[in-house]
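Look at the sequence and the fold, then read on.

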Amino acid sequence: MGVPSVMVLPLLVVFAAGIYYIYNEVIQFMSKSLVRNKVVAITDAVSGVGTECAHLFHKAGARLILCGATWDKLESLYDSLITDSDPRETFAPKLVILDFSDMDSMEDVVAEVMDCYGYVDVLICNSSVKLKAPIQSVSLEMDRNIMDINYFGPSTLTKGVLPAMMSRRSGHVILVNSIQGRLAVPFRSSYAASKHAAQAFFDCLRAEVEEYGILVSTISHTFINAAEPPPAVKTAPKQNLFAKYISSQLSHGVRPSVLANEILQTVNRKRKEVMLAHPIPRVALYLRSLFPPFLFSVLAAGVKDSVLGEQMQ
């Protein structure tokens, strides 16, 4: 007796859902097995993204080196990891004080990181500091501080762990960057400049170390949104629908847990470039490459509207 035609579609949906479930289970199992016993160093491990990464990699059986600027927060993270895990399947993390704003300490920091296990399999450069201000109001000291944290710090630490990776002919360096490393936005001059510098450095590094079996990945995301998505607001029926769509695209950033999972998948799948962005920023990137004058005009108009709005307040 054949299957009634009306049942074919529901059966196909159930079958596809089952295949998808099995696929996800296999991927999760492989994710854990691929990083097990690997030495993984995470900078700014006490941040939202860093903490999420620490939990993911710790549960997967990685040997963690957690770096952060505050010892109390590092100890708190350590306690939460130890409490939530099975000591028979995980390793106690190593803790290292790391503050990229203090570049004079970097030589000692690199030595301490290397002393933990003698090498690093995966380095996750996660540290970042943001600044929103008109260019003329940003001091040279502020510029230097942002460059230290967003560019000189990650690049210096990477250079420190690189010799061991090259001698072992294996390793993976991940830069958690920003879409502003590819697209400059008004009032973010120092931040965008530092992110462009970091992007260029790690792009060069990728080509230079490929022959040693070392992989370099960059993850470009929009802003990190640690808060819950804002509730829907009732608007007047005459509101411009296109403007409403753009506003909705720009009001939601990337959740720390989503970004952390993407970092883990990047390690497992050995992807070289990842972009986490809504359609609007992606379109802006294409415009920057194909129709730069148009994008420049749009950005300039946005600056004018911003200045006019402040004057009217």
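Helices (H or I, at least four residues) and strands (E, at least two) are DSSP runs, numbered from the N terminus. Residues are numbered from 1 along each chain as its sequence is written. This is a predicted model: local features need pLDDT of at least 70, side-chain atom pairs count only at pLDDT 80 or more, totals for chains, interfaces and linings use all residues, and side-chain values use heavy atoms, with hydrogens and water left out.

Q: Where is the place of Thr-222?
A: Strand β6 covers 214-221 and helix α7 covers 241-250. Thr-222 lies in the loop between β6 and α7.

Q: Does Thr-222 count as buried or exposed, and why?
A: Buried means under 20% relative accessible area, exposed over 50%, partly exposed in between (1.4 Å probe, protein chains only). Thr-222 has 11% relative accessibility, so the residue counts as buried.

Q: What span should helix α2 have at 1.5 Å a residue?
A: The expected span is 1.5 Å times one less than the number of residues. Helix α2 (residues 48-59) has 12 residues.

Q: Which residue in β4 is the bridge partner of Val-40?
A: Two strands pair if DSSP finds at least two bridges between them. Strand β1 (residues 39-42) runs parallel to β4, joined by 3 bridges. The partner of Val-40 is Val-122.

Q: Which residue in β5 does Leu-123 stand opposite?
A: β4 and strand β5 (residues 171-176) pair in the parallel sense over 4 bridges. Opposite Leu-123 stands Val-173.
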